[in-house]
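Here are a few exercises to work through with the structure open beside you. Try each task before reading its solution.

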Amino acid sequence: MRETYDVAVVGAGPAGLAAAVEAAEAGLGVALVDAAGQPGGQFWRHYDERHARPGDSAGHHGWAVFTRLRDRLRALSSAGRISYLPGLQVWLATRDGGGTFTLRATPVVPGEGTAVTARALILCPGGYDRQLPVPGWDLPGVMAAGGVQALLKGQRTLAGRRAVVAGTGPFLLPVATGLAAAGARVAAVAEANATLGWLRDLRGAASAPAKGFEAVQYAALMARHRVPYRTRTVVTEILGEDRVEAVRLSGTGRDGRPAGPVTEVAADLVALGWGFTPSLELPLMLGADTRKDTDGSLVVTVDAFQRTGVPGLYVAGEATGVGGAVLAGQEGRLSALALARTLGRPADPALMGRLRRSIVRGRRFAAAMHRTYPVPPAWTSWLRDDTLVCRCEEVSYGDLRHAHDDLGADDPRTMKMLARPGMGWCQGRVCGFATAGVAACLSRRESTADDLRPLSTRSLAAPVPLGELAALTDEDAEGRGRDLE
């Protein structure tokens, strides 16, 4: 593609869809690049639209919001005001000396790659399930909670017939009720924290009243399907030979250390969810500043208009802090309007003001949620020396302790070099947060942004054919700002 767009938007979830249509309606030339074959992102993941049927929207929140955005996207694409590019995974982002951005993307289905250039960039990469290791979590039948939900929404497929849903946070509820509604027996929902934590921040809890109504709906569904909900309870071991057969549930103290009775529950599916980790490959590639958020995640630092410290680079949605689809959509809209105003296009200041105030309230609610459902500080007490932390490279907790105790690895970067966690296929996406936590715990300190950053930075954001790497010119490599070898 030789055309230079006013803005390229990466990601077609709530933030990216909102940003793309808002920017196009403000008169900007927009390219929308997304890895999925249809819009919606993880939050609005749904069955193939070519084979849609009544009931496909069941279990979705804000479905009417999505369909309106999708209709606007289709109309703007038909009018030539948005170039919608689905099925493309961006693996490299660069910015040249003149401030023009180039995105290099490869098809998810093997084919010829492409490049998209734009004067500005709005990154809305979303996030993925955060995982903590537990003995037996490498058995078949153990899945990320988001993966279980993705199979239900995107493929109409049940991952198991008798499930235990465990971890922390409100996301466990839609996963459990979705499984139950689809015919699975949910034997337990194990919430690591006490839900009364909301009482410590009533102002934050009241900042999003619609969330309270959702909670009531989920409580009613849990009661209808007779799903047991256990607070201050964690999965300390997953049992089985060739696949999951049962889990051991333990009560915990305030820090998450097992301190209560242990019960064994039969299951053929374990859905684990400890919140979400933002996808930061592209923002970090372009030099965006980061910070540690309330939930312990590394997130991009933005100003009140979603601008990063890199000129022309905006970031919206979960990459700036996990806060849900409504907040992500508001940030996407605001980033597009702020860019339009910068480029001299009309942007309603009253609307921008309302969006900014809504975002402040949304962030206040998100902070209250993260304080109510934190990752338990003593989660490493569940581990044994033979528990795998990095499944790609088969690095155990004992290997990490050896690297720390005997080889002096006091930080995750050194631990990665000496014990190889994060060196495999997923490049630390699954084990990065856990490795940083183990390093901090062994050093008797809290993890920092400096701990998280080395395990979030990747030279290439996605697997790419060697031919595409070989096709890069010297100028491309120089703009990358580092040796691509």
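A charge counts as sitting over a ring if NZ of Lys or CZ of Arg is within 6 Å of the ring centre and within 35 degrees of the ring normal. Keep in mind that this is a predicted model.

**Exercise 1. Charges over rings**

Find what lies over the face of F43 and what lies over the face of Y47.

Solution. Start with F43: K153 lies over its face, at 5.7 Å from the ring centre. Move on to Y47, where R156 takes that position at 3.4 Å from the ring centre. Now return to F43 and look at its ring partners: ring pairs join F43, W44, W63 and F66 into a cluster.

**Exercise 2. The surroundings of Q38**

Solution. Finally, list the contacts: leaving aside residues up to four places away in sequence, Q38 touches H46, Y47, D48, E49 and Y84.

**Exercise 3. Aromatic pairs across the chain**

Describe the pair formed by W198 and F365, then that of W274 and W382.

Solution. The structure holds 7 aromatic pairs. One of them, W198 with F365, is stacked, at 5.3 Å centre to centre and 25° between the planes. W198 lies in the loop between β10 (185-191) and α5 (202-205) and F365 in helix α9 (residues 349-372), so this pair ties together parts 167 residues apart in sequence. F365 is buried, at 8% relative accessible area.

Next, the ring centres of W274 and W382 are 5.5 Å apart with planes at 35°, so this pair is tilted. W274 sits in the loop between β15 (269-273) and β16 (276-278), and W382 in the loop between α9 and β20 (388-390), 108 residues away. Both W274 and W382 are buried.

**Exercise 4. Cysteines**

Solution. A disulfide needs sulfur atoms within 2.5 Å. The closest cysteine sulfur to that of C441 is in C431, 17 Å away, which is too far for a bond. C441 is partly exposed, at 35% relative accessible area, whereas C124 is buried at 7%. The count comes to 0 disulfides.

Notes. Residues are numbered from 1 along each chain as its sequence is written. This is a predicted model: local features need pLDDT of at least 70, side-chain atom pairs count only at pLDDT 80 or more; totals for chains, interfaces and linings use all residues. Side-chain values use heavy atoms; hydrogens and water are left out. Contact means heavy atoms within 4.5 Å. Buried means under 20% relative accessible area, exposed over 50%, partly exposed in between (1.4 Å probe, protein chains only). Rings of Phe, Tyr and Trp (its six-membered ring) pair if their centres lie within 6.5 Å; planes under 30 degrees apart count as stacked, over 60 as edge-to-face and the rest as tilted. Helices (H or I, at least four residues) and strands (E, at least two) are DSSP runs, numbered from the N terminus.
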